[in-house]
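Please look at the sequence and the 3D structure shown below, and then read the report beside them, one part at a time.

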Amino acid sequence: MLRTDNHSIVLDVNHLMADQLGHNYGISPEEIDAYRQPAAMAQMAIQKNRGKGFLGWTELPYNQDEIVEEILVTAATIRERFDYFVVLGIGGSALGSIAVHQALNHLHYNQLPKEKRNGPKLFVEDNIDPERMAALLDVIEPKKTCFNVISKSGETAETMSQYLIIEDLLKKTVGSRWHEHIVATTDRETGNLIRLGLEHSLKLFYIPAGVGGRFSGLCPVGLLPAAVCGIDIQQLLAGARAMDERCQSQQIWENPALLQAVIQHILMDNGINIHVMMPYADSLKYMADWFCQLWAESLGKNVTRKGMAINVGQTPMKALGVTDQHSQLQLYTEGPYDKVVTFLHVGQFRNETPIPSENKEYPVLEFLGGKSLNQLIEAEYLGTQYALLRSGRMSQTIHLPVVNAHTVGQFMYFFEKVTAYVGELLDINAFNQPGVEESKIASYAVLGNTEEKYQKKQEEMLAAPKGKKQYRI
Ligand code: PA5
């Protein structure tokens, strides 16, 4: 599936294959081909149900023309009026924005002077650590800040608490026009956020039906913060479309997402329970975080769709090349045979950084001088890939010719499709998150919410083991 055009991302699975790795490890083409039928069925199921139910996200590259226009107009107003843009959201309501911003904006965006930035300073506050909220309030000026409160459910305790804090802050600092400082992105019908939004005439964007949190990066959840910072959201969607077009075939070797899904299913079956995503580019650092959530929440499930116990999932991990060569690589090359490493490799960086060749006195420095950091990072990627190969450890590479809105759109849509296909192959619901909901309900119960479902949870929690003194030392 090597692409010949110069802006398509490429999935290179050579270093997963038995004939490349050596006889004991790796996957054979026969193993992959044995999936011909289930893979075709998985592709067909997703294709047939496009846009329906939980698959609303599949159509996002195609059905957002009007909303994109509205986002662009709103983003332009925000850029003109505000110096700070703060996203309040968690999980799927934050990770896409963080990843896209890191990928496509200057790596020290907020530190740039205003005239060199494409928009206001951006903060994505995806935690409720009290110190972090206090720290945020130390560095923004409420009068010059627009807050984008994002919650699909409109119920999440973290985000709704943040909302209450900033509503109060804005009322005290801005006065009666406080509501002009808040954009709410939420479900059109359910939850508290939509009710608050309508009551207070907040600017509203809707999360389309069938777009769950972790699949929402390419709808207003991710598109508004991206557009506010000057990212070309039309190119993001064009990239997603281009990937979708490559995923139309039921033939495994003609559909990159299907090939990847089959491979990951085989690996899970073979006990490869850890999936390390290791970008060799700081710009893609948070794409690994985004992937981790998508993979973990979608595929970590205890029952099949028919209710049979299954307890599946592959633990996603993030690592950064080259930084984590100096912290984790030892484990990857010599530890248990339980991992697959996915490298994200960039063909051309946005900067060329030469290493000066002044110093002739020291052999190492003389050797490095005259080369570039671009050459060095490439050599280290190839070196790490080889070290894994030599130790019989599996890796694969996703090659991005450049990091731009188009390739990022391709990448995100690719992994969303892979996730959906793996869900089909495993016969699980890849779009719910009962484990997360359990913790949300338990937290409200701990806080003493008197609604019936929380009361019941409180009783259940009171009956749980209290822990023994001797286990605390
Ligand atoms: O992927 C998911 O569904 C979750 O991570 C949610 O995005 C997260 O729990 C936040 O939920 P909400 O957007 O409803 O506030």
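## A hairpin of two strands

Strand 8 and strand 9 form a hairpin with 5 residues between them, and in its turn Gly307 has a positive phi of about 90 degrees. Helices and strands here are DSSP runs (H or I of at least four residues for helices, E of at least two for strands), numbered from the N terminus.

The model is predicted, so local features need pLDDT of at least 70 and side-chain atom pairs count only at pLDDT 80 or more, while totals for chains, interfaces and linings use all residues. Residues are numbered from 1 along each chain as its sequence is written, and side-chain values use heavy atoms, with hydrogens and water left out.

An open sheet is formed by 5 strands in the order 1-12-11-7-10, with mixed pairing. Strand 1 (10-12) and strand 10 (315-318) stand at the edges with a single partner strand each, so one side of each is left without a neighbour in the sheet. Neighbouring strands of this sheet are turned by 20 degrees against each other on average, direction ignored.

Strands of a sheet pair through backbone hydrogen bonds, either parallel or antiparallel. Strand 11 (residues 339-348) and strand 12 (residues 394-402) pair in the parallel sense over 8 bridges, and Thr342 has Gln396 in strand 12 as its bridge partner. Helix 15 (residues 373-390) lies across strand 11 and strand 12, and runs at about 155 degrees to strand 11; axes are lines fitted to C-alpha atoms, for helices over the stretch in contact, and angles run from 0 to 180 degrees between N-to-C directions.

## Two helices that pack on helix 16

The axes of helix 10 (residues 233-246) and helix 16 (residues 405-426) come within 6 Å and cross at roughly 45 degrees. Helix 10 and helix 16 are therefore oblique to each other, since angles under 35 degrees count as roughly parallel, over 145 as roughly antiparallel, 65 to 115 as roughly perpendicular and the rest as oblique. Their contact (heavy atoms within 4.5 Å) involves residues including Leu236 and Met243 of helix 10 and Tyr413 and Phe414 of helix 16.

Helix 11 (residues 256-269) packs against helix 16 at an angle of about 50 degrees, with the axes 8 Å apart, and that makes helix 11 oblique to helix 16. Among the residues in this contact are Leu258 and Val262 of helix 11, together with Phe414 and Tyr421 of helix 16.

## Two single residues

Is Thr333 buried or exposed? Thr333 is found in helix 13 (residues 329-334), and at 13% relative accessibility Thr333 counts as buried. The word buried means under 20% relative accessible area, exposed means over 50%, and partly exposed lies in between (1.4 Å probe, protein chains only). Not counting residues up to four places away in sequence, Thr333 touches Ala387, Leu388, Ser391 and Arg393.

Tyr362 has its place in the loop between strand 11 and helix 14 (363-368), and at 47% relative accessibility Tyr362 counts as partly exposed. The C-alpha atoms of Tyr362 and Ala184 are separated by 59 Å, and these two residues are 178 residues apart along the chain.

How values were computed: Pairing = 2+ DSSP bridges.
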